Amino acid sequence: MEETRGISLCDGLRHPLRSVSGSVEEYIMLHKDTFRTALQKICVKRKVSNVEDLLSEKTTVKPKPRFVRVNTLKTTTGSVIEVLSKMHKVDKDDMVPDMLVLPPGTDMHKHPLVTDGKVFLQGKASCMVAAALSPKPGWKVIDACAAPGNKTVHLAALMNGEGSIIACELNKERAKTLQHTVRRSGANNIETVIGDFLNIDSNDPSYAEVRAILLDPSCSGSGISTERLDHLLPSHSIDDQDDGGSSARIRKLSAFQRKALSHALSFPSVERLVYSTCSIHQAENEDVVSSVLPLASSLGFELATPFPQWRRRGLPVFHGAEHLLRTDPEDDLEGFFIALFVRKAAAADALEPSEDGRALGRKRKRACTTRSGGLRAFSSLRLSRMDVLCSIWGI
């Protein structure tokens with residue numbers, strides 16, 4: 001096991017820093033004197049003479065590999081492996097197509113493959129989301145909360161640049177990031193819509209041919225906050241601490257997530273729908289899915305099992321939660337959650353993934369409704385759609 005080194009400035013900060021607007025870099029530079037003082041206090045506490053001595057203290061932590069996704073809209077996986085293998089040990093991921101695994105600590109940020117958009121620095125858990133949706137080339141797809149756009153352009157690559165993707169983003173500044181990501185990817189089948197996904201009329205004829213929706217709504221980010229060191233930021237309030245997802249903020253987020261998922265289920269021609277978060281909280285994950293099951297069943301949807309070979313499934317809080325997928329830092333990944341809804345009529349004609357996992361191969365003769373087939377229908381509930389929606393939203 002390799003060893004990494006680190007120190008926490010929290011050890012030397014007795015008072016929280018004041019909040020300022022702007023980037024993290026601007027914040028650090030503005031408070032550099034405070035950080036210097038904190039480091040000096042840490043040195044005294046650790047009985048060392050300087051910061052270099054602090055860095056020499058070794059803490060045994062299992063290092064995480066560097067995952068990168070090959071953008072097949074611009075290059076091939078083989079070509080990227082040929083280039084990177086000259087400098088690093090490169091392995092193919094055994095689950096996600098076109099994902100490569102590099103040694104921990106590999107810095108690719110300024111590599112030409114990255115700056116040219118041929119490779120995206122995207123975690124495995126994040127890439128599992130679009131791969132779980134597995135849209136077919138030629139489909140019309142909605143990415144409901146698209147920024148910063150990594151999953152959006154991954155969808156485009158999975159679709160071989162064919163069909164169309166409507167990428168919705170409410171925030172104008174985040175929409176700029178989304179558009180930059182799209183340009184860098186070279187995808188030409190993505191339409192950016194600056195607006196609220198919830199305001200789209202699912203019965204509008206222009207959306208009648210939407211076959212798949214990726215819904216990755218705003219969430220607490222609790223699955224990646226530690227890695228991003230969010231707890232060091234002034235905006236990280238006591239309400240954001242590890243409370244098992246019971247804070248007012250989590251309750252507000254989960255209410256929005258239930259509403260967005262219910263809306264996504266209402267599109268009449270949708271065959272596949274992925275709901276995902278980068279949260280570890282049950283309130284944003286299993287509870288949200290459980291709350292919409294009656295509506296989903298009334299509209300002909302059932303839960304499918306994405307990546308059935310993955311061992312970590314949903315928390316066993318309702319019948320069918322074994323179809324859900326979780327990732328965890330114990331898996332060397334970020335904390336993500338994925339739920340895949342498939343419309344039963346579409347499942348009857350579902351296409352199995354081919355050997356490379358990207359294209360879709362032969363048809364199944366019948367829809368599988370057993371655990372071995374990866375699908376299980378919800379219990380049938382004869383409720384009107386409006387009754388179900390009212391129940392979900394607490395009206």
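Thr327 is buried, with a relative accessible area of 4%. Buried means under 20% relative accessible area, exposed means over 50%, and partly exposed is in between, with a 1.4 Å probe and protein chains only.

A note before you go on. This is a predicted model, in which local features need pLDDT of at least 70, side-chain atom pairs count only at pLDDT 80 or more, and totals for chains, interfaces and linings use all residues. Residues are numbered from 1 along each chain as its sequence is written, and side-chain values use heavy atoms, with hydrogens and water left out.

**Stop 1: around Thr327**

Stay on Thr327. It lies in the loop between β11 and β12 (337–343). Helices (H or I, at least four residues) and strands (E, at least two) are DSSP runs, numbered from the N terminus.

Show the side chain of Thr327. One of its polar atoms lies 2.6 Å from the backbone oxygen of Glu334. The backbone nitrogen of Phe336 is 2.8 Å from a polar atom of that side chain. A polar contact is a pair of N or O atoms within 3.5 Å; within protein, one must be able to donate a hydrogen and the other to accept it, and residues adjacent in sequence count only if both atoms are side-chain atoms.

Which residues does Thr327 touch, not counting residues up to four places away in sequence? Select Ala125, Met128, Trp310, Arg312, Leu333, Glu334, Gly335 and Phe336. Contact here means heavy atoms within 4.5 Å.

**Stop 2**

Now select Arg311. It sits in the loop between β10 (301–304) and β11 (325–326). Is Arg311 buried or exposed? It counts as exposed, at 62% relative accessibility. Draw a C-alpha to C-alpha distance from Arg311 to Thr327: it is 9.4 Å, and the two are 16 residues apart in sequence.

Phe307 is in the loop between β10 and β11 too. Phe307 is buried, at 12% relative accessible area.

**Stop 3**

Most residues other than glycine have a negative phi, and most peptide bonds are trans.

- Phe307 has a positive phi, near 45°.
- Asp332, in the loop between β11 and β12, has a positive phi near 65°.
- The peptide bond from Ala147 to Pro148 is cis, with omega near 5°. Find Pro148 in the loop between β5 (140–143) and α7 (150–158).

**Stop 4**

Select β1 (66–70), β2 (91–92), β3 (99–102) and β4 (119–120). An open sheet of four strands runs in the order β2-β3-β1-β4, with antiparallel pairing. Its edge strands are β2 and β4, each pairing on one side only. Two strands pair if DSSP finds at least two bridges between them. Between β1 and β3 there are four bridges, in the antiparallel sense. Look for Phe67, whose bridge partner in β3 is Val101.

Next, colour helix α4 (residues 77–84). Its buried residues are Thr77, Val80 and Leu84. They cover an arc of only 65° around the axis, so they are on the same side of α4. That arc is taken from the directions from the helix axis to the C-beta atoms. What do the buried residues of α4 pack against? They meet β1, β2, β3, β4 and α5 (112–115).

**Stop 5: a crossover**

Go to β6 (residues 164–169) and β7 (residues 190–194). These strands run parallel and are joined by five bridges. Ala167 has Thr192 as its bridge partner in β7. From β6 the chain passes through helix α8 (residues 172–185) to β7, and this β-α-β crossover is right-handed. Right-handed means that, with the strands pointing away from the viewer, the path from the first strand over the helix to the second runs clockwise.

**Stop 6: Glu271 and the cysteines**

Select Glu271, in the loop between α10 (248–265) and β9 (272–277). Glu271 is buried at 17% relative accessible area. Its side chain makes a polar contact with the side chain of Arg211, at 2.6 Å.

How many disulfides does the structure hold? It holds zero. A disulfide is a pair of cysteine sulfur atoms within 2.5 Å. The sulfur of Cys278 is 3.5 Å from its closest cysteine sulfur, in Cys219, which is too far for a bond. Cys278 counts as buried, at 14% relative accessibility. For Cys145, the closest cysteine sulfur is in Cys168, 7.9 Å away and also too far.

**Last stop: zoom out**

Show the whole chain. It has 13 helices and 15 strands. Buried residues make up 46% of its 395 residues. Among contacts between residues at least 6 apart in sequence, 72% join residues at least 24 apart.
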